[in-house]
Amino acid sequence: MQTIIEIKNLRKTYKDNKVALDDVNLNIFKGEIIALLGPNGAGKTTLISNICGISSITSGDIKVNGFDVVDNYREARKCIGIVPQELSFEPFEKVINTVNFSRQLFGKKPDEEYIENLLKKLSLWDKKDQIIRSLSGGMKRRVLIAKALSHEPDVLFLDEPTAGVDVELRKDMWNTIKNLQNSGVTIILTTHYIEEAELMANRIAIINHGKILLIDKKDNLIDRMSKKTLIIHTNSKINKIDKALEKFQLRVSKDKKNLEYDYSPNKKKTGITTLLNEIKKTGIELIDVQTKQSNLEQIFVEILKND
Amino acid sequence: MINFRSIKAIYIFEMSRTFRTLIQNLISPILSTVLYFIVFGTAIGNNINFTNEIPYGAFIVPGLVILTISMQSVNNASFGIFFPKFLGTTYEILSAPISYVEIVIGYVGASATKSFCLGLLILITSTFFVDLNIKFPILMLCMLLLSCVSFSLLGFIIGIASDNFEQINFVPMIIITPLVFLGGSFYTIDVLPDFWQTITLFNPIFYLVSGFRYSFFGTGEVNILISIFSISLFILLCIIIIWRIFKTGYKIKT
């Protein structure tokens, strides 16, 4: 896979010595959607700001398409589009003007055809002559995306694109992001919505206290980190766990009718067969068994808890 | 290589704001100047005579132009950069492939252009009230342009340093207006007591007004070269401050 963004030993500290980013190393591959997942204040926006030149780097290196963001900032920034978290606009400007402004600000020649197609793709073409102030929140968010894409960047940063957006619009936004990926744009998405990361991203980086705690393909992450729980439905009321079953660290459900057993599905020996044999010996009659898999949210909470 | 297209984008964006707020940017300052001409030039001015050769109405024209363009340059440039800060749109400028010099040229260029046009409009307006023969027109245009650029640079600094609208208005109202009024815009400094004459020599606007007046009438209170040197020094100082601002990211980058 071709690396489009390379971050090495990135550190960002503020004047009050607060460490915002602490030795961040990260490679982002061309054409992927990577989600930076972390709680508020984790360092997601600072990381994006450092890459895009909005805030200065304390130490370390960042390269975009092989261009250093400090020494070769012009070439590096040409490849980048950014959609900020806040809906920041010149409120009295027309949609078409603000999008054209962004394109030319990035040094690109005016291209009416490209802008028309872009606005049509984002369902903004019929709003092109409206002033931004008159648009709905969702439409404003689309204008920000149009501005970020106006200069045809290879990489798009979306900083919490669906924060404060209703469910319908959020799904609409997810479709837009997927379509952008299909058109070849690499997308870096920051979010604290786990569902969003789980649904959208090819890879997930979990960030907290300015450090990347974990980065992996979404499916690998779920496989590697996830636990499964075997739920054993019994016919009798279980007041006390039999001594022979103690080694399995079973839990008893609230209604005292079910036993719960946590195991790792990736291990060769899960202990399920032994457990069921031991249960049989104790004379407990089984009605049903089922398994439950932990989702990304539980993994995320677990990682943050251990940080 | 200079990114002309980005500079042009900022410049046109800023200029288009002027047309959206035409009354505030053009009509209001012209109206104020007309009132000055009526009150000082016509009503009171007929009874004042600082110089034997120049009628008072004509004498105050350079001072009135400086008064207006200084205020407008500072307001235009400070508002031009403060407004994006206030709205949170500076992210776009900072993430664009554009150097600090190009950003300054875009914003300051637009601000200076507006003020320069306004200065010319005031001069045209003044011809309705006084007979005006400009002795060195090219020098006058150069002095006008230098004044617009210098105050626009100052405005740019104020816009970056300000945290709210009150601070933006503070410097023009509290510092620049008194300096212009006390810088010989409406009188020659020899009418002042010795102490205040000495104080006036520390007022940078005095050199500006004197130089500008020289271009009109061929006579000023200090040598024209000293005036040009003073403006150049002021511009250089502003450029150094702006360079430091971008170098350190002061109030513009985190």
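Below are questions and answers on a predicted two-chain model.

Residues are numbered from 1 along each chain as its sequence is written, and chains are lettered from A and ligands numbered from 1 in the order in which they are written. In this predicted model local features need pLDDT of at least 70, side-chain atom pairs count only at pLDDT 80 or more, and totals for chains, interfaces and linings use all residues.

User: How many residues of chain A are in contact with chain B?
Analyst: Contact means C-beta atoms, placed from the backbone, within 7 Å. Chain B contributes 21 residues. The number from chain A is 24.

User: Which class supplies eleven residues of the side of chain A that touches chain B?
Analyst: Ala, Val, Leu, Ile, Met, Phe, Trp, Tyr, Cys and Pro count as nonpolar, Asp, Glu, Lys and Arg as charged, and the others, Gly among them, as polar. Eight residues on this side are polar and five are charged. The eleven are nonpolar.

User: Which strands stand at the edges of the open six-stranded sheet in chain A?
Analyst: Helices (H or I, at least four residues) and strands (E, at least two) are DSSP runs, numbered from the N terminus. Strands pair if DSSP finds at least two bridges between them. The order is β6-β7-β8-β3-β9-β10, with mixed pairing. The edge strands each have a single partner, so one side of each is left without a neighbour in the sheet: they are β6 and β10.

User: In which sense do β3 and β9 of chain A pair?
Analyst: β3 covers residues 33-37 and β9 covers residues 203-208. A:Ile34 stands opposite A:Arg203 in β9(A). The two strands share four bridges, and the sense is parallel.

User: Which residues of α10 in chain A are buried?
Analyst: The helix spans residues 296-306. Its face turned away from the buried side carries exposed A:Val301, A:Lys305 and A:Asn306. The buried residues are A:Leu296, A:Ile299 and A:Phe300.

Definitions and conventions: A residue is buried if 20 or more other C-beta atoms lie within 10 Å of its own, exposed if 12 or fewer, and partly exposed in between; C-beta atoms are placed from the backbone.
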